[in-house]
Protein chains: 2
Amino acid sequence: MSHDTQLHGEIEALAQRAKAASEKLRTLSTAVKNAALMAMAEALLTQQERILAANVRDLENGRTRGLSEAMLDRLKLNPARLEAMAEGCRQVAALPDPIGAVISGGNRPNGLQLQQLRVPLGVIGIIYEARPNVTVDAAILCLKSGNAVILRGGTEAFESNKVLCEVIAQAAEAKGIPQHAIAMIETTDRAATAHLVTMTGLVDLVIPRGGSGLKKSLMEVAKVPVIFAAGGVCHAFVDESADARMASDIVFNAKVQRPSTCNALETLLVHQSIAATWLPVMADRLMTAGVELRGDERARAIVPAMQAASESDWDEEYGTLILAVCVVDDVEAAMAHIGRHGSGHSETIITADYFNAEAFCARLDAAAVYVNASTRFTDGFEFGMGAEIGISTQKLHARGPMGLEALTSTKWVVRGHGQTRA
Amino acid sequence: MSHDTQLHGEIEALAQRAKAASEKLRTLSTAVKNAALMAMAEALLTQQERILAANVRDLENGRTRGLSEAMLDRLKLNPARLEAMAEGCRQVAALPDPIGAVISGGNRPNGLQLQQLRVPLGVIGIIYEARPNVTVDAAILCLKSGNAVILRGGTEAFESNKVLCEVIAQAAEAKGIPQHAIAMIETTDRAATAHLVTMTGLVDLVIPRGGSGLKKSLMEVAKVPVIFAAGGVCHAFVDESADARMASDIVFNAKVQRPSTCNALETLLVHQSIAATWLPVMADRLMTAGVELRGDERARAIVPAMQAASESDWDEEYGTLILAVCVVDDVEAAMAHIGRHGSGHSETIITADYFNAEAFCARLDAAAVYVNASTRFTDGFEFGMGAEIGISTQKLHARGPMGLEALTSTKWVVRGHGQTRA
């Protein structure tokens with residue numbers, strides 16, 4: 001038996017067990033799920049030593065393999081980070097259960113009683129990278145929404161993820177959650193993820209949280225539905241009528257506050273009539289904070305200290321302290337630029353003009369459009385969902401921050417007394 | 001330039017034009033869309049002669065190519081069928097516009113005002129077979145939901161579809177609908193559909209309405225989201241406590257009333273304790289109506305006139321007057337059978353037992369589950385949606401009958417006054 005055949009067999013067996021668990025999860029009461037979530041919180045704290053010991057092994061492996069200090073920091077667990085994970089469990093327990101919610105319905109003229117109910121999807125695969133807290137986040141959101149989960153974390157956090165998964169799965173089972181409802185792919189072989197996305201009939205959804213390399217490799221082979229927790233090329237357009245200070249604060253916040261996130265700013269568009277006065281001050285503030293600016297010709301004519309932007313800069317998700325800057329004629333030109341180069345994530349206009357604000361909101365095709373606010377707010381917690389499994393820039397099923405509802409499907413239940421169709 | 005390269009270029013140009021049209025459609029008022037729909041209704045009647053003349057060419061071609069009488073009947077247009085299409089336009093005009101509906105929102109503690117709005121998907125491709133009325137149905141549902149549509153009908157109806165598309169597109173444009181909002185692929189080359197499902201960035205959704213051959217061929221190559229208007233292996237379970245007459249009427253209706261539809265019955269499951277008395281009467285009624293029965297051993301022991309079912313019969317969507325029959329131990333065995341062989345479309349239980357009815361509704365994983373009613377009701381009109389583009393058995397985005405909402409996405413609009421993230 002070839003290596004791949006054996007691996008595929010193992011992954012399929014894992015998915016079969018997850019599917020069997022999902023059939024029991026489907027009808028589990030909210031009380032049982034919440035009790036399990038509270039027990040998971042407890043277990044993360046009582047089994048702290050075991051988890052931290054596994055984490056030390058990952059950190060040692062990471063140092064040997066020459067991981068950067070930033071990577072090692074993302075990987076590192078400590079009592080405070082475990083308490084944050086436990087608090088996450090408690091918060092998800094406190095959220096309303098999406099399952100069983102009646103989202104539409106009523107009686108038909110023939111007396112049929114219709115209800116459209118929220119139901120779990122079934123089995124969800126989550127693929128993610130270094131941070132081990134995602135293991136817990138993903139597991140608790142899938143559990144609360146009645147789904148079995150197959151976790152596949154990054155190689156760097158393998159030991160931590162394995163123990164975290166064991167700890168929470170055992171705590172959940174002790175409270176009546178079916179065995180195999182929280183499963184982990186215990187190999188770092190990339191062929192495992194490639195196979196996971198082909199198992200139609202066993203896996204209902206795969207959510208990859210990772211870079212464009214992962215996205216591309218999975219898109220080639222995926223047969224099951226995949227929602228990418230996608231990157232963003234987010235824009236801010238500073239209109240002619242913008243309040244200069246407000247515009248500066250929003251642009252600064254969107255670029256600098258946490259540049260590695262997908263809702264951070266990548267391109268600044270400035271109305272030509274405000275550029276000469278506003279842009280030099282803004283550029284100074286950004287450069288002082290260590291931001292590298294890459295401007296088009298008109299921007300560089302105003303701020304010569306900028307690098308020259310190349311055509312590819314307009315499509316770049318820097319994810320770091322670099323900002324592309326483009327001077328545009330008006331709101332129409334700004335929207336045209338975003339239409340060509342935007343990734344459909346988050347766009348903001350800073351303006352005092354009502355009609356420009358309304359045009360920007362109505363005509364741009366993106367998951368989130370803002371007036372006079374930072375793009376950094378595109379987030380499940382900030383939008384009041386209480387939790388987030390990722391941010392979708394796809395248009396089907398879920399768009400924008402994905403909370404518990406994004407992990408559900410619907411079902412029609414129809415009660416009658418002998419109705420037949422004429 | 002190869003044939004395929006040229007074809008791909010043409011399809012891409014068509015999609016580019018549709019995308020440009022979709023950007024204008026996105027913000028069109030309900031009044032303009034409704035006026036266009038009413039004008040389309042009018043045009044279908046005033047240009048009746050031209051449409052019927054094209055249809056005669058299709059019918060002649062069909063006869064030459066030896067199409068069956070049933071196929072020719074599906075293909076045939078007449079004044080009554082054109083009036084039905086016109087009435088469809090008027091009915092869709094009368095439906096509420098899904099676009100712009102606020103589906104969630106509120107103010108955040110920091111004063112941000114959130115609204116989650118329904119927006120069009122953009123460009124939708126519809127692939128369908130013989131019946132030319134689908135050309136009009138698909139176009140009007142896409143128009144009402146603010147989407148551009150790319151139509152690809154069956155070869156048999158090519159002339160009819162071409163003229164229908166011209167007539168309604170012209171009528172729509174005269175009322176302010178952008179040019180190319182209703183487009184048709186004017187080739188019957190199958191490579192065109194294969195290319196249509198690969199154009200990510202241009203096409204937002206493709207809905208194929210056709211057999212499993214079409215489904216399989218598209219699934220191999222699809223890169224854009226595809227929702228198959230899928231087939232169904234629908235079950236009826238007649239429980240021990242079922243009212244005999246009600247069970248007979250529901251089973252007869254579900255199988256016989258229109259066997260070619262996807263919500264028609266394919267497998268009858270009968271509780272062992274009722275089978276000896278109920279099944280012979282039911283079998284007699286069905287066989288008298290021309291239904292061929294294929295039973296398992298226990299069913300044939302009761303009704304020896306049945307054919308023997310083979311293992312593959314349990315997975316078969318006959319689409320005609322054939323019914324598989326299986327005697328089962330109880331509701332658990334019935335649900336296990338449906339779990340193994342169901343396609344997740346529509347399932348019904350005929351019972352007087354409250355707990356069996358509730359278990360059937362809660363535990364079966366299907367788009368629609370019924371108690372004491374015919375599976376034939378799974379339909380957009382019967383569910384009160386006013387229209388239907390197809391029935392989805394997928395779990396993401398849309399499940400069950402797909403009305404106007406299934407053709408929409410959502411967008412977050414966030415209004416602030418300078419908020420930045422802490």
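In this predicted model, strand β1 of chain B, residues 102–107, lies largely in the open, because the number of buried residues among its six is zero.

The partner of β1(B) is strand β2 of chain B, residues 113–120; the two strands run antiparallel and are joined by five bridges. Within this pairing, V102(B) is found opposite L117(B) of β2(B). Together β1(B) and β2(B) make a hairpin, with five residues between the two strands. The turn includes G111(B), whose phi is positive, at about 90°. As background to such pairings, the side chains of a regular strand alternate between the two faces of the sheet.

For chain A, the domain assignment gives domain 1, made of residues 3–229 together with 399–415, and domain 2, made of residues 234–377. The centres of domain 1 and domain 2 of chain A, taken over C-alpha atoms, are separated by 36 Å.

The same surface serves both copies, since 100% of the contact residues of chain A recur in chain B.

The contact between the chains can be described in further detail. It brings 48 residues of chain A together with 48 residues of chain B. On the side of chain A that touches chain B, the elements giving two or more residues are α10 (244–256), α14 (354–363), β13 (368–373) and β16 (408–419) of chain A. Of these, β16(A) supplies the largest share, eleven residues. By type, the residues on this side of chain A comprise 22 nonpolar, 15 polar and eleven charged.

Strand pairing also crosses from one chain to the other. Strand β13(A) is joined by five bridges to strand β16 of chain B, residues 408–419, and these two strands run parallel. Which residue of β16(B) stands opposite A368(A)? The residue in that position is W412(B).

Key. Residues are numbered from 1 along each chain as its sequence is written. Chains are lettered from A and ligands numbered from 1 in the order in which they are written. This is a predicted model: local features need pLDDT of at least 70, side-chain atom pairs count only at pLDDT 80 or more; totals for chains, interfaces and linings use all residues. Two residues are in contact if their C-beta atoms, placed from the backbone, lie within 7 Å. A residue is buried if 20 or more other C-beta atoms lie within 10 Å of its own, exposed if 12 or fewer, and partly exposed in between; C-beta atoms are placed from the backbone. Helices (H or I, at least four residues) and strands (E, at least two) are DSSP runs, numbered from the N terminus. Two strands pair if DSSP finds at least two bridges between them. Domain bounds come from an automatic or database domain assignment. Ala, Val, Leu, Ile, Met, Phe, Trp, Tyr, Cys and Pro count as nonpolar, Asp, Glu, Lys and Arg as charged, and the others, Gly among them, as polar.
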